[in-house]
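I opened my notebook to go through one structure, topic by topic. The sequence and the model come first.

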Amino acid sequence: MKKKLVVIGAGMASGRMLEQIFEAAPDAYEVTLFNAEPRGNYNRLMLSPVLSGEKTYDDIVTHDADWYAAHGVDCRFGEPVVKIDRKNRVVYSNKGGAPYDALVIATGSAPFIIPVVGKDLPGVVAYRDLEDTQAMMATAGKDAVVIGGGLLGLEAAAGMAAQGARVTVIHLMGHLMERQLDPAAGYLLQKDLERRGITVHCKGATKAILGHDRAEAVLLEDGTVYPADLVCMAVGIRPETRIAVDAHLEVERGIVVDDALRTSDPHIFALGECVEHRKQLFGLVAPLYDQAKVLAKTLLGEAAEFVPVQTATKLKVTGCDLFSAGDFAEGPGREDIVFRDPGRGIYKRLVLEDNRIIGVVMYGETGDGSWFYGLMKEATDISDMRDTLIFGPAFQGGAALDPMAAVAALPLEAEICGCNGVSKGTILNAVAGGACTLDAMRACTKASASCGTCTGLVQQVMALALGGEVVEAAAGMCKCTDHSHDDVRRLIRTMGLKSIPAVMQELGWKTVGGCHSCRPALNYYLLAEYPLDYQDDRQSRFVNERNHANIQKDGTYSVVPRMWGGVTTPAELRAIADAAEKYNVPMVKVTGGQRIDLLGVRKEDLPHMWNDLNAAGMVSGAAYSKGLRTVKTCVGKEFCRVGTQDSTGLGIKLEKLMWGSWTPHKLKLGVSGCPRNCAEATCKDIGVVCVDSGYNISIGGAAGMEVKETVALASTPSEDEAIQIILAVTQLYRENARYLDRIWKWMGRVGLDWIKAQVVEDLENRQALVARFEISQSVYRHDPWAELSTPSETPKWGPLADLTLEAAE
Amino acid sequence: MTVFVDIGALDDIPRQGARLVKTAQGCVAVFRTADDRVFALDDRCPHKGGPLSEGIVHGDRVTCPLHNWVFDMNSGVAQGGDEGRVRTYAIKIQQGRILLDASLIRARNAA
Ligand SMILES: Cc1cc2nc3c(=O)[nH]c(=O)nc-3n(C[C@H](O)[C@H](O)[C@H](O)COP(=O)(O)OP(=O)(O)OC[C@H]3O[C@@H](n4cnc5c(N)ncnc54)[C@H](O)[C@@H]3O)c2cc1C
Ligand code: HEM
Ligand code: SF4
Ligand code: FES
């Protein structure tokens with residue numbers, strides 16, 4: 001008599017297993033197949049093409065009614081199994097039981113639903129089966145939100161967009177598919193999705209799904225609201241183990257199986273996404289097919305062992321070509337080989353260890369993926385082909401990377417010279433018309449004839465037109481790129497690059513993550529260009545700016561609270577004194593910037609001390625920043641017998657307007673009430689000396705290794721106008737200077753006359769500059785101390801672990 | 001064989017950042033790269049003792065915050081013209097947890 005085999009779950013893994021059994025021993029078992037879905041086995045992977053309309057359900061059926069009939073399978077579809085009676089070897093659905101000699105559990109996974117308000121509203125789906133797919137196909141012309149920017153979520157998003165929905169993807173992490181892709185590839189993917197109209201919101205945490213009778217919108221922690229007729233949660237899966245748990249089988253994260261895929265009960269087996277094998281879970285079909293082969297053998301009494309292989313990932317979104325395989329996650333001793341072709345949106349990265357490939361990420365061109373994957377699986381020693389490895393199997397000989405690719409890819413209308421509004425097309429035409437030197441170019445188009453910061457780019461465009469003949473160009477900003485500071489800045493603007501990975505990809509960075517010299521510069525350029533969109537990257541800042549305190553030579557920090565215009569109160573002094581005592585501050589010193597420095601504070605005490613100072617109304621003095629430091633003032637006419645104007649009052653006004661702003665280098669201001677100049681305003685970056693007739697503004701001073709006296713910029717009878725001019729010149733400096741150039745250095749390059757023309761003579765431009773400064777300040781006029789000393793942030797300032805407290809064995 | 005001790009979750013360290021672990025043998029800096037690799041190095045720069053945990057992490061390199069020496073975190077060896085080496089420790093990630101060489105619990109002894 002045939003033995004009875006009962007299978008729970010008619011999915012991809014059990015389907016493949018049945019094929020193997022019927023092929024090897026058609027008469028061995030009488031099979032009963034339960035499935036919760038009201039249908040048999042179909043190719044779940046192909047739900048995405050069904051969703052996007054490229055295929056129909058009929059196209060993706062693996063086993064149809066005829067197949068089941070031909071193999072005598074008793075199909076119980078639409079009948080979830082609710083109980084396993086191990087003692088009597090019977091399984092039950094709500095419609096009845098089925099006895100077994102051998103039982104296979106193949107229940108797959110259940111989607112993970114994040115526990116937010118509104119998760120049970122109609123209109124909230126997962127992405128697992130045909131029902132979910134059909135719900136998503138009905139979103140044409142509507143708003144859809146996908147929560148989760150992993151493989152599944154992005155296939156759902158692309159599919160709905162193809163159906164004509166307005167789709168937003170909300171992703172918790174900093175870049176899409178962070179488990180498979182590094183930031184550079186994640187950036188390219190995001191760009192491709194945005195190009196097809198999908199909105200991508202990274203670093204977004206879902207707070208609630210809003211709606212009365214059904215989903216209407218999604219609310220994020222940061223307050224953003226996206227309208228949503230349909231919400232798809234694709235944040236992950238977990239093994240479907242409920243019936244196994246109820247039956248008291250051994251279950252960890254999945255149903256525990258041995259190498260023969262037997263559970264803790266010798267009559268019960270399991271395979272697919274519901275199992276855990278040697279602590280590992282599975283989420284892709286390739287290893288499940290191997291399990292199917294092994295389990296078929298086990299059930300037919302042959303010895304077989306399941307050995308998991310590494311798997312590679314491809315995203316099934318037409319037009320997004322990405323490939324990722326291998327292990328990026330752990331272990332010392334690794335090296336990278338990187339190739340970028342910005343013009344064509346290509347990025348390839350190989351991770352090597354001991355001359356073997358252990359990880360591959362490719363975007364834009366994935367043809368060589370399987371070749372690399374082969375080398376990786378075979379653990380081939382690649383030392384011989386290392387130099388050309390990244391170019392793939394077809395390549396012999398070494399292609400030169402093209403430093404001008406980014407410039408070549410610019411459209412003709414892209415603005416190259418901002419001062420004179422000269423486009424790339426105009427420059428190309430001028431070259432065609434005979435302007436082959438920079439002087440000739442300046443004479444006929446004025447390109448780079450004003451502030452001059454675009455000179456490098458103009459030269460590159462000319463070189464392009466002249467067939468690569470290099471018109472001498474400025475040096476690259478660091479060893480990671482051939483582009484100069486000015487070029488990078490301008491390309492960030494003309495190409496609309498809004499993140500560090502975007503800049504590195506589009507401008508062909510030669511390293512994976514930049515270096516300590518370009519990262520802080522890029523972070524500054526981006527936040528200055530896109531104050532509202534760009535999220536400051538703390539990890540790209542020097543220690544002092546990252547920790548909002550100056551590190552001292554023994555690793556302790558100094559804390560300098562702001563004293564507006566150098567003016568303080570007894571209450572503030574008391575709070576500072578209390579803090580100094582409470583945290584055992586070894587030294588309290590008055591700085592040259594007219595405020596008080598608490599030196600020698602331990603890192604873990606910083607947030608606590610900040611909290612205390614915040615409570616007394618004080619904020620960070622930014623004594624550590626490439627940004628506004630202090631506005632030093634004298635007492636002025638309020639007290640001084642020769643004072644002409646309220647210099648203290650003006651200094652406080654300026655400091656209150658400008659605090660928190662980031663600038664290319666540090667920015668110190670001084671305001672003196674008369675030409676005796678007690679505030680030493682004429683050796684500050686921007687100085688004001690008051691006179692009877694008003695205010696004399698001068699810029700470009702310094703008193704460090706270089707001592708510089710300021711030079712006159714403007715005089716005005718009006719305090720308001722003085723403020724406007726100072727804000728405007730600050731903004732011009734922010735937008736135009738190279739990172740780490742103080743005003744005097746920048747002035748030396750662009751010329752005082754040019755600055756005057758921009759902020760003194762051209763009133764309209766002055767107002768525009770002030771308006772842009774104010775937009776930026778709406779974001780940055782905030783106290784970093786308050787943000788970094790909240791209860792959730794405070795623990796991050798201490799050590800991760802203290803092993804000195806663990807008992808030695 | 002190396003014995004490991006759990007020191008915390010991977011997500012406790014920011015990408016391209018580091019956290020400190022106090023040990024009987026001094027402070028150890030635990031780094032996380034942009035692509036989620038982890039490294040453990042002594043938190044003392046061989047140049048003048050700078051705290052490497054406060055450096056900028058780029059690729060699998062870290063730059064000392066005091067005078068910009070650059071170290072390969074795989075080997076701990078200083079790059080470019082500078083000569084020196086920082087001690088590295090065995091470390092790995094398992095199911096989102098970071099495991100560090102447990103011998104750091106004991107003070108370095110004569111053996
Ligand atoms: C949209 C989508 C795209 C995918 N794309 C890819 C891809 O490109 N590449 C890749 O490798 N993988 C992909 N996957 C993953 C792949 O589909 C799964 O790894 C695979 O289907 C798992 O097979 P399984 O047999 O373990 O589970 P499933 O195929 O999920 O089958 C389990 C079945 O068991 C049923 N069931 C559950 N509980 C019970 C119960 N109590 N009683 C009866 N029946 C029950 C379920 O209804 C289900 O039909 C994708 C998945 C989805 C959803
Ligand atoms: C590692 C580098 C430096 C550190 C850590 C540092 C630190 C400080 C601190 C903490 C203050 C008090 C700040 C305040 O109240 O805002 C200060 C003031 C000052 N620093 Fe520095 N400084 C550095 C480099 C320089 C350099 C290179 C110069 C010269 C260009 C300089 C010139 C000054 C001056 C003139 C003051 C007095 C401020 C004023 O009157 O406005 N410092 N410095
Ligand atoms: S600068 Fe002039 S107004 Fe100010 S304190 Fe000195 S003397 Fe008085
Ligand atoms: S202490 Fe590290 S570089 Fe000087």
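**Ground rules**

I noted that this is a predicted model, where local features need pLDDT of at least 70, side-chain atom pairs count only at pLDDT 80 or more, and totals for chains, interfaces and linings use all residues. Residues are numbered from 1 along each chain as its sequence is written, chains are lettered from A and ligands numbered from 1 in the order in which they are written, and side-chain values use heavy atoms, with hydrogens and water left out.

**Salt bridges**

I looked up Lys119(A) and Asp120(A). Their side chains form a salt bridge, 3.2 Å from N to O. For accessibility I used these cut-offs: buried is under 20% relative accessible area, exposed is over 50%, and partly exposed is in between (1.4 Å probe, protein chains only). Lys119(A) is partly exposed at 29%. Asp120(A) is exposed at 65%.

Next came Glu273(A) and Arg128(A), whose side chains meet in a salt bridge of 2.9 Å, N to O. This pair links distant parts of the chain, 145 residues apart. Glu273(A) is in the loop between β19 (268–270) and β20 (275–277) of chain A. Arg128(A) is in the loop between β9 (124–125) and α4 (130–137) of chain A. Helices (H or I, at least four residues) and strands (E, at least two) are DSSP runs, numbered from the N terminus. Are Glu273(A) and Arg128(A) buried or exposed? Both are buried.

Arg278(A) is exposed, with a relative accessible area of 61%. Asp259(A) is buried, at 19%. I also found salt bridges that share partners: they join Asp182(A), Arg349(A), Asp35(B), Arg37(B), Asp60(B) and Arg61(B) into one network.

**Nonpolar cores**

A nonpolar core is a set of buried Ala, Val, Leu, Ile, Met, Phe, Trp, Tyr and Cys residues joined through side-chain atoms within 4.5 Å. Which residues have the most contacts inside the largest core? They are Met160(A), Leu189(A) and Trp509(A), in a core of 88 residues. Helix α16 (residues 518–529) of chain A gives the most to this core, with 8 residues. Another core lies apart from it, with 49 residues, including Leu5(A) and Tyr68(A).

**Ligands**

I turned to ligand 1, which has 27 residues around it (a heavy atom within 4 Å). Ala13(A), Arg128(A), Glu273(A), Val285(A) and Lys316(A) come nearest. A polar backbone atom of Ala13(A) is 2.8 Å from an oxygen atom of ligand 1. A backbone N or O atom of Ala36(A) lies 3.0 Å from a nitrogen atom of ligand 1. Taken alone, ligand 1 exposes 990 Å², and the protein buries 91% of that (Shrake-Rupley method, 1.4 Å probe).

Ligand 2 is surrounded by 15 residues. Among the closest are Thr591(A) and Arg595(A). A polar side-chain atom of Arg595(A) lies 2.3 Å from an oxygen atom of ligand 2. For Lys666(A), a polar side-chain atom lies 3.1 Å from a nitrogen atom of ligand 2.

**Chain B**

I counted 0 helices and 10 strands in chain B. Buried residues make up 57% of its 111 residues. Chain B exposes about 4,600 Å², and carbon and sulfur atoms supply 46% of it.

**Asn547(A)**

I found Asn547(A) in helix α17 (residues 543–547) of chain A. Asn547(A) is buried, with a relative accessible area of 3%. Which side chain makes a polar contact with the side chain of Asn547(A)? That of Glu54(B), at 3.0 Å. A polar contact is a pair of N or O atoms within 3.5 Å; within protein, one must be able to donate a hydrogen and the other to accept it, and residues adjacent in sequence count only if both atoms are side-chain atoms. Leaving aside neighbours within four places in sequence, Asn547(A) is also in contact (heavy atoms within 4.5 Å) with residues including Trp610(A) and Trp797(A).

Definitions and conventions
Salt bridge = Lys/Arg side-chain N within 4 Å of Asp/Glu carboxyl O.
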